Amino acid sequence: MRIGVVTFPGSLDDSSALRAIRLAGGVPVPLFHASDDLKEVEAVVLPGGFSYGDYLRCGAISRFAPIMSSIIIAAEHGFPVLGICNGFQILCESHLLPGALTRNQGLHFVCTDQPLTVENNSTPWTSGYTKGDRLVIPIKNGEGSFQASAETLHELESEGRVVLRYAGTNPNGSKNDIAGITNARGNVVGVMPHPEQAIESLTGPSTDGLTFFTSVLHSLVGR
Amino acid sequence: MATIVVEVMLKPEILDPQGQAVAAALPRLGFTFATSVRQGKRFEIEVAGTPTAEQLAEVEKAAETLLSNPVIETFLVKVEA
């Protein structure tokens, strides 16, 4: 099962995401921003980092990379896409997900092991969780405050499209404690926490993140 | 040569922690005039000659597509001599 990870100029967590896919039992496939070739992958991860230096706005320039044209078309046809941190920001800038990520309330870069609650386990990336599961996964960002209009928030909440919510203290001022969302179809998921950094007890606070990667492999088999 | 200026501001309903930090710093320096501060971006785009209506329409399009994110920001295009 081939899962792609895109490297943009300034991506940081691409190698961790590739590794997580391998540990979950998939075949990790590196993809490059400057090519529109998806190399026959069956799902794709947009990793964390500071693509194009995050100049202008986070994800604003990456959204126009050649690989994104292919991903946007594929995503509109149900192809599973996971955006992590900077990847989430790119998905919002691409309008594959609603809302936007803005500067953290308090202006601090927040790096911590974050308690989270699973709100939606019907996406290909979260199907291995149970609704209500408590996870601990690292967050590390300066612009992770999820903002959207009141109508968009109502739409997300009423359609059950909030995937992860911050448990305990809201670390960044995100509306409704939102840590991750999905699109109407459920194939595109964006999360601020880094599941690829919580896959082994030696290096992570938990192994709670691995289920993102095993979930998508199971979803692809079952399809 | 003329300069086309694009000003981008966060929408009023979007939290602006940078503006808030500036608003909090002003009184520490004895400046007590501000009831609130919002911080934005300014792009100065040089073009040859007087900008045509067509060029301005192109800049509007660029401002909407790249320079601003209409989900959270508004923009204003103007010409400066």
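**Figure 1. Chain A as a whole.** In chain A, take the contacts with a separation of 6 or more: 73% of them come from residues 24 or more positions apart. This is a predicted model, so keep that in mind for every view here. Chain A is built with 5 helices and 11 strands. Its C-alpha atoms fill a box of roughly 40 × 35 × 35 Å along the principal axes. How does the radius of gyration fit a compact globule? For 223 residues, such a globule would come out near 17 Å, and chain A has 15 Å, which agrees. Buried residues make up 59% of the 223 in chain A. As for charges, chain A carries 15 positive and 21 negative ones, and their mean positions are 1 Å apart.

**Figure 2. Helix H3 of chain A.** Is this helix mostly covered or uncovered? Helix H3 spans residues 86-93 and is mostly covered, with 8 of its 8 residues buried. Among them are A:Phe88, A:Ile90 and A:Leu91, along with A:Gln89 and A:Glu93.

**Figure 3. A:Ser215 and what it touches.** Look for A:Ser215 in helix H5 of chain A, which covers residues 210-221. A:Ser215 has a relative accessible area of 1%, so it counts as buried. Which residues does A:Ser215 touch, leaving out those up to four places away in sequence? They are A:Pro124, A:Trp125, A:Thr126, A:Ser127 and A:Gly128.

**Figure 4. A:Ser70 in helix H2.** Here we're in residues 66-76 of chain A, the helix that holds A:Ser70. A:Ser70 is buried because its relative accessible area is 17%, and the cut-off for buried is under 20%. Setting aside residues up to four places away in sequence, A:Ser70 touches A:Asp36 and A:Leu38. A:Asp177 is another story: it sits 107 residues from A:Ser70 along the chain, and their C-alpha atoms are separated by 32 Å.

**Figure 5. Where chain A meets chain B.** On each side of this view, 16 residues take part: 16 of chain A are in contact with 16 of chain B. The area buried between the two chains is about 1,300 Å², and carbon and sulfur atoms give 68% of it. Which residues of chain A lose the most area to chain B? That would be A:Leu56, A:Arg57 and A:Leu107, which together make up 37% of what the chain A side buries.

Figure 6. Chain B has 2 helices and 3 strands, and from the N terminus on they run β-α-β-α-β. The radius of gyration of chain B is 16 Å, well over the 12 Å that the globule rule gives for 81 residues, so chain B is more spread out than a compact globule. Its C-alpha atoms fill a box of roughly 45 × 30 × 15 Å, and 28% of its residues are buried. Now zoom in on helix H1 (residues 17-28), the place of B:Ala21. With a relative accessible area of 33%, B:Ala21 is partly exposed. B:Val37 is 16 residues from B:Ala21 in sequence and 8.7 Å away in space, C-alpha to C-alpha.

Conventions. Residues numbered from 1 in each chain as written. Chains lettered and ligands numbered in written order. Predicted model: local features only at pLDDT ≥ 70, side-chain atom pairs only at ≥ 80, totals over all residues. Heavy atoms only, no water. Helix = DSSP H or I, 4+ residues; strand = E, 2+ residues; numbered from the N terminus. Rg over C-alpha atoms; globule rule 2.2 N^0.38 Å. Buried < 20%, exposed > 50% of the residue type's maximum accessible area, 1.4 Å probe, protein only. Contact = heavy atoms within 4.5 Å. Lys, Arg positive; Asp, Glu negative; His and termini not counted. Charge placed at Lys NZ, Arg CZ, Asp CG, Glu CD. Buried area = accessible area lost by both parts, 1.4 Å probe.
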